[in-house]
Structures are given as C-alpha cells and as structure tokens.
Amino acid sequence: MERLGTGSKVIRLLHNRAKSNPKKVVFAEADHLDVLKAAQIVFDEGIGVPILLGRKETILGLKEEIGFTGDVEIIDPKTDGENTRKNKYAKSYWKARHRKGIKYIDAQKLMRERNYFAAMMVNEGEADAVITGYSRNYVNVVKPMLELIGMSEGVTRVAAANLMLTKRGPIFLADTTINVDPTAEQLAKISQLTASLAKIFHIQPNIAMLSYSNFGASSDANAKKIA
C-alpha cells in the first residue's frame, strides 16, 4: 500500500469501523504461521476478536514463537474436548440436510473438518465471519459455505467479489469464481449484489458490464448477453 500509494483511505475506513464494533472472526487454518500472524494483527489492533481453529499444540507453539500473548479461544474440531459443541453442530447440520441424503454419522464426520465447523459457528451465531482458504483449494473451501451459510433475504444467487485497490480508487470485480456462465438476468442480480457490497464500504458504485466486445462489434451470444 505504501509503495503504490493506493487504498489508504479505504483501509483507514475499514479499520475505524471494525474498531468501533469488533466482530468475532474464525481463522480456520490458524496452525499456519501466516494465518496466525494475521490473527495477531487483528487482536493487537483491536479490529476483531479472533477464534483460532487448528491443532492446539501447534498453535500454542507458534504463538510463543511470534510473541502472540493475547488470550484468544483455540478450538481443534478433531479433539474430544470439543465433542459437545461438535455434536450440537452435527445435529443442526443433519436436520438441515437429512432430506438431501446426509446421515447423522456423515454430519458428525463433517464437523471434524474445520471449514464445516467454522461455517456452523457462523450459522449458530457463535461467530460473525470466517477467514479460510490459505492452504486448501477454492472448491473445497467454498462448498461448506454454500451448503451452510444461507443467502440474505431476497437473494437468489450466490456470487463472489474481489476488491482491487488502484490509483483511481477501489474496483469491485464480480463474479470471478462461482458462476460459470450466468444469464443476462443473473448478471444483473450479481451487479446489484456487488453494488450493495460497495455501499458497505461507503462507496457510491458505478457499474460497468464487461465482455471482450463492448460496442456491438460481435454478434456472439456471450457479447449479446452482456449487452
């Protein structure tokens, strides 16, 4: 950010808003050093309340290594110590998915996986957000989120957005990861969702629909769809 001179206004805005009302954030891969360092920054700067998921002994060792002395919750979904919470999550997941072929024993096994456990923490109101995807591929990370964390009221499509900080200001790009070949109507819905996201950042959005042919030079179906 210092090298490019970009995004400082957006970053300050986010920090100030986060500090005014810190949220509980689950770090699903906290036994990785870089993830734990990120959680340490969140804790030290008071912009959130980290909840660390992973191998407890590994996390404690890494905390000592980087001087992270903050008192934060550490959970290993695979250990016996979390059985009560794990079983509660398994029952909730099974009730929601048993008509889609999920058995209770399957639900119990899934709750041993961090991303399912983390998503259930959000679902059950025990956390506000999840940060994940550091060491696992996108498909495996996003699947439990799509299965467990419901859509907002009135929303019919899940989409992904990236925030790019540039010299001309922030740019929101959607959808780059989830919807492979959306219809014109779905693209319109995705643009509305992205506009709502921009407003969360106190940014008045200007929307552009992009394809490889923006001015009618191509009669290809994809270009027509964007038009």
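1. In helix H6, the residues Arg 114, Asn 115, Tyr 116, Phe 117, Ala 118, Ala 119, Met 120, Met 121 and Val 122 are buried, where buried means under 20% relative accessible area, exposed over 50%, and partly exposed in between, with a 1.4 Å probe and protein chains only. H6 is thus described as mostly covered, with nine of its 10 residues buried, and the helix is followed by Gly 125, whose phi is positive, near 75°. Helices here are DSSP runs of H or I with at least four residues, and strands are runs of E with at least two, numbered from the N terminus.

2. On provenance, this is a predicted model, in which local features need pLDDT of at least 70 and side-chain atom pairs count only at pLDDT 80 or more, whereas totals for chains, interfaces and linings use all residues. Residues are numbered from 1 along each chain as its sequence is written, and side-chain values use heavy atoms, with hydrogens and water left out.

3. The axes of H6 (residues 114-123) and helix H7 (residues 138-148) come within 9 Å and cross at roughly 30°; axes are lines fitted to C-alpha atoms, for helices over the stretch in contact, and angles run from 0 to 180 degrees between N-to-C directions. H6 and H7 are therefore roughly parallel to each other, a class that covers angles under 35 degrees, while those over 145 count as roughly antiparallel, 65 to 115 as roughly perpendicular and the rest as oblique. The crossing of H6 and H7 is right-handed, that is, the near helix is turned clockwise from the far one by less than a right angle.

4. In this pair, Asn 115, Tyr 116, Ala 119, Met 120 and Asn 123 of H6 meet Asn 140, Val 141, Lys 143, Pro 144, Met 145, Glu 147 and Leu 148 of H7, contact being heavy atoms within 4.5 Å. By class, the contact of H6 with H7 has seven nonpolar, three polar and two charged residues; Ala, Val, Leu, Ile, Met, Phe, Trp, Tyr, Cys and Pro count as nonpolar, Asp, Glu, Lys and Arg as charged, and the others, Gly among them, as polar.

5. Arg 97 belongs to helix H4 (residues 83-97) and, at 17% relative accessibility, counts as buried.

6. Four strands form an open sheet in the order S3-S2-S1-S4, with parallel pairing, where two strands pair if DSSP finds at least two bridges between them. The edge strands, each pairing on one side only, are S3 (73-75) and S4 (129-131), and neighbouring strands are turned by 30° against each other on average, direction ignored. Three bridges join S1 (residues 23-27) to S4, and Val 25 stands opposite Ala 129 in S4.

7. Helix H2 (residues 33-44) packs on the sheet, touching S1 and S2 (48-53), and its direction makes about 155° with that of S2. H2 also packs with helix H3 (residues 56-66) at an angle of about 65°, their axes being 10 Å apart, and this crossing of H2 and H3 is right-handed. Leu 33, Leu 36, Lys 37 and Gln 40 in H2 meet Ile 59, Leu 62, Lys 63, Glu 65 and Ile 66 in H3, a contact that divides into five nonpolar, one polar and three charged residues.
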